[in-house]
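Hi there,

Here is the structure I promised to pass on. Have a look at it first, and my notes follow below.

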Amino acid sequence: MAGKKLYAGIDIGSLSAEAVLLSDNGLEAYSISKTGANPVQAARMCLAEALDKLGARMEDLAGIVATGYGRLRGRQCHGFCHE
């Protein structure tokens, strides 16, 4: 994604995981899935799906922030938001 700074926001909840990709232009892509037994894996899958929608890769992200009950399990995150 040459020329665009992308940022990821991930919400890891007990029932679902959501990932959004934002740029200076606003919302670029998103993904939602059921959390199931492994919330961190669900969040990773959501992020991968959102990135695929743009043809982007993890290396293209300028930052990742996580929220929700599983937020502290996201070791690749640059920041965490508490409720």
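To start with a question: is Arg57 buried or exposed? Arg57 counts as exposed because its relative accessible area is 52%, where buried means under 20%, exposed over 50% and partly exposed in between (1.4 Å probe, protein chains only).

Before the rest, a word on the model. This is a predicted model, in which local features need pLDDT of at least 70 and side-chain atom pairs count only at pLDDT 80 or more, while totals for chains, interfaces and linings use all residues. Residues are numbered from 1 along each chain as its sequence is written, and side-chain values use heavy atoms, with hydrogens and water left out.

The protein has 1 helix and 5 strands, arranged along the sequence as β-β-β-α-β-β. Helices (H or I, at least four residues) and strands (E, at least two) are DSSP runs, numbered from the N terminus. Of the 83 residues, 37% are buried. Among contacts (heavy atoms within 4.5 Å) with a separation of 6 or more, 39% join residues 24 or more positions apart.

Back to Arg57, which lies in the loop between α1 (39-54) and β4 (61-67). Its side chain meets that of Glu59 in a salt bridge (3.6 Å, N to O), and Glu59 is exposed as well. The structure holds 1 salt bridge, the term being used for a side-chain nitrogen of Lys or Arg within 4 Å of a carboxyl oxygen of Asp or Glu. Leu47 is 10 residues from Arg57 along the chain, and their C-alpha atoms are 9.7 Å apart.

Now the surface. Tyr7, Leu22, Leu27, Tyr30 and Ile32 form a nonpolar patch with about 510 Å² of accessible area together. Such a patch takes residues with over 30% relative accessible area and no salt bridge, joining nonpolar side chains (Val, Leu, Ile, Met, Phe, Trp, Tyr) within 5 Å. Strand β3 (residues 26-34) gives the most to the patch, with 3 residues. Leu22 belongs to strand β2 (residues 16-23) and counts as partly exposed because its relative accessibility is 38%.

Finally, the charged end of Lys53 sits over the ring of Tyr30, 5.0 Å from its centre; this calls for NZ of Lys or CZ of Arg within 6 Å of the ring centre and within 35 degrees of the ring normal.

Best wishes

Definitions and conventions:
Patch = residues over 30% accessible without salt bridge, like charges linked within 9 Å, V, L, I, M, F, W, Y side chains within 5 Å. Areas by Shrake-Rupley, 256 points an atom, 1.4 Å probe, with all protein chains shown as cover.
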